[in-house]
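Hello,

Here is the structure for you to look over. My notes follow below it.

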Amino acid sequence: MNATKRTLAALLVSLSTALAAAAASETTADQGWDAVQNLMFAEALTLFRNNPAGDRQSELSVRLGEAVAILHRQPTTRNNIDEALAIFDELIREAPGTDISLQAAYLKARLVQLHPFEPDPAAAIPLYLEVTRQYPETALGQFAFVKAAGLQLYDPETADEDRPFEAISRNASRISDPDVLRCYHLMMAEASHRMGYDDAFSLSHYIEAFDAGLTKPDLKANVLTRIIVLARRLGDAETARASADLFLVEFPRDIRITMIEELLTELDKADS
């Protein structure tokens, strides 16, 4: 399984968890979602297709499960992809305003972006934005905005000076989910820093991402290092010193520790 398929599989599995846990007792459909979570897609497809008729919500969940299982049916073929897309479209059309429709719309955008045969990130942008427009209060709807923003910023056909950082920033005021907000700030910080957009802009987003809470130690150390370097470059000695002190406490065995200590010494000399 290549990186694109692994990414899509992980997304589909995470989205299935809530659906699988929703029922009070285990049904054939629940077993199907359990199989999806265990990456047993052939078994999942059989379970979904043998699930007895139930209420409307159950039937919609089963159809979504079928699409997920078909998408991963081996070997991967265009027919499988087209069949899954057709089910996503069916759910979007027939169950508007529901969690099932939301997940189907998001998965469709994600599949268009990461299509195994014809990936089309540009075509995925309006699909993500439509998810955000239809479901602005949901975490997934807000995350779709972040995905669209990332694709816009990393569009290879857009010159660095024309990338829509400010427009994206204005629209980001809608993000309320804390996890999505953390992802947004990290994405904006990384994109603006990589493209040399504006150091102060990058620093502000790195600080917001760090303050939102980063659980992975390597990522936390890297972001803290970026904050130190940018703050020092911008002449913000207070932020640079506070961040460097924190780095020494939290990452005493990091290979960058000597560099951080030297930076603190330079800051102390500048103040004396």
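**Aromatic pairs and cores**

F165 and F201 are both buried. Please keep in mind that this is a predicted model.

The two residues also form a ring pair. Across the whole structure, the search found 7 aromatic pairs. The ring centres of F165 and F201 lie 5.7 Å apart, and their planes meet at 70°; the cut-off for edge-to-face is over 60 degrees, so this pair is edge-to-face. The pair joins distant parts of the chain. F165 sits in helix α9 (residues 165-171), F201 in helix α11 (residues 199-212), and 36 residues separate them.

There is also an aromatic cluster: ring pairs connect Y106, Y128 and F143.

Next, the nonpolar cores. The largest has 28 residues. Within this core, V36, L64, F88 and L91 touch the most other members. Helices α2 (28-37), α3, α4, α5 (78-94) and α6 (99-113) each give two or more residues to it. The largest share comes from α4, with 8 residues. A second core is separate and holds 23 residues. Its members include I228, L230, A244 and F251.

Is N51 buried or exposed? Its relative accessible area is 17%, and buried means under 20%, so N51 is buried. Setting aside neighbours within four places in sequence, N51 contacts T27, T28, A29, S58 and V62.

Best wishes

Terms used:
Residues are numbered from 1 along each chain as its sequence is written. This is a predicted model: local features need pLDDT of at least 70, side-chain atom pairs count only at pLDDT 80 or more; totals for chains, interfaces and linings use all residues. Side-chain values use heavy atoms; hydrogens and water are left out. Rings of Phe, Tyr and Trp (its six-membered ring) pair if their centres lie within 6.5 Å; planes under 30 degrees apart count as stacked, over 60 as edge-to-face and the rest as tilted. Helices (H or I, at least four residues) and strands (E, at least two) are DSSP runs, numbered from the N terminus. Buried means under 20% relative accessible area, exposed over 50%, partly exposed in between (1.4 Å probe, protein chains only). Contact means heavy atoms within 4.5 Å. A nonpolar core is a set of buried Ala, Val, Leu, Ile, Met, Phe, Trp, Tyr and Cys residues joined through side-chain atoms within 4.5 Å.
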